[in-house]
Every structure is written in structure tokens, then in C-alpha cells.
Amino acid sequence: MALSRWNIMIMALCTGLIVANIYYSQPLLVLMSNEFGVSESNAGQVTFFTQVGYALGLLFCVPLGDKLERKWQIVVMTLAAVVALVAAAESVNITMLKITGLLIGFTSVVPQLILPLAAGLSDPASRGKVIGTIMSGLLVGILLSRTLSGVIGHHFGWRAMFWIAAGISALLAVIMIVSFPSSKPNFKGSYGDLMKSLLTLIKEQPVLREASAINACCFAMFGMFWTTVVFLLSDAPFKYTSEQIGLMGLAAAAGALGAPLVGRIADKKNPRIAVGYGIIFLFLGYFLFYIFKANIIGIIIGIIAIDLGLQGIHVSNQTRIYTLLPDARNRLNTVFMTTSFIGTSLGSGIGLWVWSFAQWNGVCVAGTSLITIALIIYLGTYKKTKGAVTA
């Protein structure tokens, strides 16, 4: 069954609203710490456990999309997310909230199941455009979730956000049942065989290794920026409140809307070319951050630049790996996204460490260094993929 425009838009909507579950807790940590009488750093572990749960879901659930019927796996995972969100809203102490955070992360890998489903049902000539459109939903969901959560938490309390998220996820499950197309799995082996094959894919697919390594560096750069820009904007000369800082996500969302355009470029040309353009945009963004660190307009333009760049890299790399082995798209996506997610976590940690002794200038140097590593990988693997049309 080919995907209609309606199918694609519904998938983009579901992707954005489900991935948002992972990020709702971040603006609510102070409210949680106040209610349960714990330190903010203790409450902050809710976010950490949510991220750990997401990583575990990527590793252990996403590969099953090559073995199970994807539509119903997606629906079941979404319903499980509803249960986890309700449990979070009803948490009686911080420990329970950490456990439910782990479960929210684990069940919110649905977007990484939707993308391979969409790729498998897309016309090869428009696959990049389809992936780009769905990725726009994903990025908008990530970037606007914090703003929404901050507003809801401020006016109605932190529990209200989880109840609302549970209701949204339940509605999405119904929409998925009605509108998502079915797919036929091709992997006939055991779950153990499925997991072992991840190592085989890493060993045998150089494009997968290259795309994953580039993505990891660029996601690390992105995580570094969003972790430390809060410190920059809350200090002089800006002195912004958390609500004002959250609005920076709107600038990033504007960049995310460029993903379909990047996808069309990937469809018409070698998608690897779009990766190179994306790296150039990342360099431009960090140059603006360094030069205009006291000018909010320059920073906003820089945010749009790095988000456009990241979209160019991520959408194009994802398009490349989906062309490798159609029957292994979920497992390819597992390797690709797990590596990217590790990059985000490491980038956030490195950013905090660099900020502690070198402030914003140090962050700009560290971010530029990560982009440079991505460029070296890109140039160093050029000859191996020069003759490939889609990889």
C-alpha cells in the first residue's frame, strides 16, 4: 500500500506528539522538587531516567519492527505510553516518578518505528521528501514540547501536563488504528538472532557506520548548545526568564520546517551532498554564536542555521541508510538512532564541563571541534561512497 499525503501528515503529527512525551518533564523539575521536598538535582534525575528509558527502547524494541507487524507494534507501544503517563501523573513520591519516567522513555520510541514504516511504503523517488516531512513533525515536537509544558505547569501544575499527554497519546492510538497502513515483516529468525544481526550490520555496512558517526558528532553539538544556551541567556546582558528562554524553541522549530526541502534535495541528487551542505550550516551557526554572543538576533539566526544544518544531515543520512537493506530498516535505524542519541548525551555532558571553566567561548570552540570531526569523517569516507547514487 502506497502512502497518501494524508498518511504522511498523520504520521508526522503522531511522531511529533509522541516524542514530546520525553521532554515534558524538563521545565517541570522545580515544581516536582517543591512538591516532593527534594533537591532540584534529585528531581532532575527524572529527566535522566526518561532518557535512559528511551535509549533502552531504541535498543530492544525498535529492531522488533523487522520481525513484527509494524502498525500494531506502534499501537501497542503508544497504549503502553498512555499507562506510563497516567502513572507519572499519579506518582506519590520522587522514586515512583523516576520509575515512570523510565517507562515513558521506553514506550516513546514510537517515532523510530513510524519512520521505517513510512520509508518502506514510500516510492523510492520521493522517500527523502517523506522522511523529511515526518522528521519535521519529530523536531517540532521536541522543540515545542518544553514551551507547552512550561505554560501548562505554570498555570495548572506539573501533574496536569502528564494527564494531558496521556489523553493525547490515547487519541493518537485511535487515529493510528484507523489511518496507519499495515506492513509485512520479513525477518523470520528469533529475537536473539535479530539482536545479533545488529553487530553484523555494523560490520558489513560502511555507509551505516559513516552516517552514524557523522550524526553522533552533530547531535553532540546540538545537545551541547541546548544544554548551555540556558546559562548564556539567563546571565547578563540578557537576564531572560525560563519562559523567555523557552521561546528560543520557536526559532529552532522554524529551522525544522526546512526538513521537507532537504528531503527533496536528497531525492533529486546524491543525499550525501545534502550532508555536506548541512555541515556548512553548522559551522555558520557556531560562527554566529561566537561573534554575536551578546546579540539576540545573531543568536536566533544561528539557531535557525544549526537546525537547518542538523536537518540536512539527519534526513539525508536517514534516507541513505534506508536504501541499504529494505528488510532490515528497523535494525538499521536502531544502530543509527542509538548512536545519535549517545552523541546527544555526551555532548550535553561535555557542554556542562566546558562551561564550568571556559563559559560560552569554550562552548563555541568545543561545538566547532565536534563539527570539524564530522567534516573529517565526511571527507575521509568520500571515495568509498563516490559512486553510489543513494548512499
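Author: Buried means under 20% relative accessible area, exposed means over 50%, and partly exposed is in between. Note that this is a predicted model.

Reader: Fine. Which class does Phe-292 fall in?
Author: Phe-292 counts as partly exposed, because its relative accessibility is 32%. Phe-292 sits in the loop between helix 15 (271–291) and helix 16 (296–322).

Reader: And which residues make the nonpolar surface patch?
Author: Phe-281, Leu-284, Phe-287, Tyr-290, Ile-291 and Phe-292 make a patch of about 550 Å².

Reader: Switching to charges. How many salt bridges?
Author: The count is five. In one of them, Glu-210 pairs with Arg-272 at 2.5 Å, N to O.

Reader: Where do Glu-210 and Arg-272 lie?
Author: Glu-210 is in helix 11 and Arg-272 in helix 15, so the pair ties together parts 62 residues apart in sequence.

Reader: Is Glu-210 buried or exposed?
Author: Glu-210 is buried, because its relative accessible area is 4%. Arg-272 counts as buried too, at 3% relative accessibility.

Reader: What else does Glu-210 meet in a salt bridge?
Author: Arg-320, also at 2.5 Å, N to O. Arg-320 is in helix 16, and the pair links parts of the chain 110 residues apart. Arg-320 is buried, as is Glu-210.

Reader: Last topic, the largest nonpolar core. Which helix gives the largest share?
Author: That core has 90 residues, and Ile-303 is among those touching the most other members. Helix 11 (residues 206–234) gives the largest share, 16 residues.

Reader: What does Ile-303 touch?
Author: Leaving out residues up to four places away in sequence, Ile-303 touches Phe-225, Trp-226, Met-248, Ala-251, Ala-252 and Phe-289.

Notes:
Residues numbered from 1 in each chain as written. Predicted model: local features only at pLDDT ≥ 70, side-chain atom pairs only at ≥ 80, totals over all residues. Heavy atoms only, no water. Patch = residues over 30% accessible without salt bridge, like charges linked within 9 Å, V, L, I, M, F, W, Y side chains within 5 Å. Areas by Shrake-Rupley, 256 points an atom, 1.4 Å probe, with all protein chains shown as cover. Salt bridge = Lys/Arg side-chain N within 4 Å of Asp/Glu carboxyl O. Helix = DSSP H or I, 4+ residues; strand = E, 2+ residues; numbered from the N terminus. Buried < 20%, exposed > 50% of the residue type's maximum accessible area, 1.4 Å probe, protein only. Core = buried A, V, L, I, M, F, W, Y, C linked by side-chain atoms within 4.5 Å. Contact = heavy atoms within 4.5 Å.
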